[in-house]
Amino acid sequence: MIEAVDTRARGLRPVKAERVELGSFVRRLDWVLLAAVGGLLGYGLWAIAGITQSDIPGNSSYYVVRQGVYAAVGVVGLLVVLLIDPDYYRRFKRPIYIGTIGVMLLVLLAGSVSHHSKRWLDLGFFRFQPSEFGKLLFVLFLAGILADRARRIGESRTVLEVIGFASVPILLVFVQPDVGTAMVYSVALAAVLFVAGTRWVHLAALGAGAVAVILAVLWLLPSAGIQVLKPYQQARLTHFTHPDQDPSGATYNVAQSINAVGAGGFHGRGVAGATQTNYHFLPEHATDFAFASLAEERGFVGVSVLLLLFLLVVWRGLKIVAVARDSFSAIAAGGIVMAFLFQIFVNVGMSIGIAPVTGIPLPFVSVGGSAMIANLLAIGVLEAIHIRGGQGRRGVLR
């Protein structure tokens, strides 16, 4: 598959945006992907209904209703995105990039502060997190840059240019501060470079550089008296391997999450019996640790259903990478899928103590309108790529 994608990235020219006939449009949809996403939406709302039933006294359905509204808005957005030929994103990559940077700068200047971070813009009727939407825009821009430089992808200069462009939004997200989302952006960068056919030596150098930056930020610079991260951030990133080290302080969240997952057992305690969740021993149980709360209430069986649905989405997404009609579409699909997979891995990992606590939400489950809508828009882009992809399909596109 790597060779096929590499050949595509080197050999195909961008295609013109095309209209799709309605009958072909419907037939070319990836119905398995849509069914899996529909299953995730339903399952996530069901999970949130149980997880948050005691969060707002007198209004047990508060969060699930809000989440349902966000899901409905996201589905409408998905349907709109389906109608847009992905080639338009390549054409308008520079406005997409400039707009993304502009909004992120606006967040730093006029954003609202919550939980020690400035990540949100308050519109009155909706407070949204631009960095969530930026994940998709970031991937689309990088895919456009790499597609335009497909014949020079083996050159160091090309890789450095792409990293330079990517560094600006990554740094703007990092200083909000939002370390978790900055990590998602970085993984998306590595993914698009890989799918585009970047040489292994360049990927290895990028990986070594990332490790060096992590070591410097977490240990080398602090030992020299230079604090890049705030103390609570550094504790979250380094103490997760020893959840019993400070159970009432830095590792409290991890310890309570592990307890909740373990307490769920095979079948779960049920909504009424989930003491870690209902009595708020587990912080952020509807957002960061929604997986742990679900595990406590529904047990191994419940989380297995969720993980199988996630696996189905990832599988279909990887298939879309393989059938994409051009280099831009393949690179964009690869970046979207890997960013999605990374978020799942880190969120589940931090819930069971094998990954640092970074605040990355669990797609389609964690409460949050920005993440819900942005994820559905990303699925819409994948479906748009699938509709217009595949060998021999160009004949049905007019």
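The side chains of Asp148 and Arg90 meet in a salt bridge, with N to O at 3.8 Å; a salt bridge here is a side-chain nitrogen of Lys or Arg within 4 Å of a carboxyl oxygen of Asp or Glu. This pair links distant parts of the chain, since Asp148 is in helix α7 and Arg90 in helix α5, 58 residues apart. The model is predicted: local features need pLDDT of at least 70, side-chain atom pairs count only at pLDDT 80 or more, and totals for chains, interfaces and linings use all residues. Residues are numbered from 1 along each chain as its sequence is written, and side-chain values use heavy atoms, with hydrogens and water left out.

**Salt bridges**

- The count comes to 13 salt bridges.
- Asp87 and Arg90 also meet through their side chains, at 2.8 Å from N to O.
- Asp87 and Arg90 are three residues apart in helix α5 (residues 87-91), so about one helical turn separates them; helices are DSSP runs (H or I, at least four residues) and strands likewise (E, at least two), numbered from the N terminus.
- Asp87 is buried at 2% relative accessibility, and Arg90 is buried at 13%, whereas Asp148 is partly exposed at 36% (buried means under 20% relative accessible area, exposed over 50%, partly exposed in between, with a 1.4 Å probe and protein chains only).
- Arg269 forms a salt bridge with Glu296, their closest N and O atoms being 3.2 Å apart.
- Arg269 lies in the loop between α12 (252-264) and α13 (270-273) and Glu296 in helix α15 (residues 290-323), so this pair ties together parts 27 residues apart in sequence.
- Glu296 is buried at 0% relative accessibility, while Arg269 is partly exposed at 40%.
- Salt bridges that share partners join Asp87, Arg90, Arg91, Lys93 and Asp148 into one network.

**Aromatic rings**

- There are 12 aromatic pairs (rings of Phe, Tyr and Trp, its six-membered ring, with centres within 6.5 Å; planes under 30 degrees apart count as stacked, over 60 as edge-to-face and the rest as tilted).
- The rings of Tyr43 and Trp46 have centres 5.3 Å apart and planes at 55°, so this pair is tilted.
- Tyr43 is buried at 15% relative accessibility, while Trp46 is partly exposed at 40%.
- Phe138 and Tyr185 have ring centres 4.9 Å apart and planes at 45°, so they too form a tilted pair.
- Phe138 lies in helix α7 (residues 130-148) and Tyr185 in helix α9 (residues 179-196), so the pair ties together parts 47 residues apart in sequence.
- Both Phe138 and Tyr185 are buried.
- Tyr97, Phe141 and Phe165 form one aromatic cluster.
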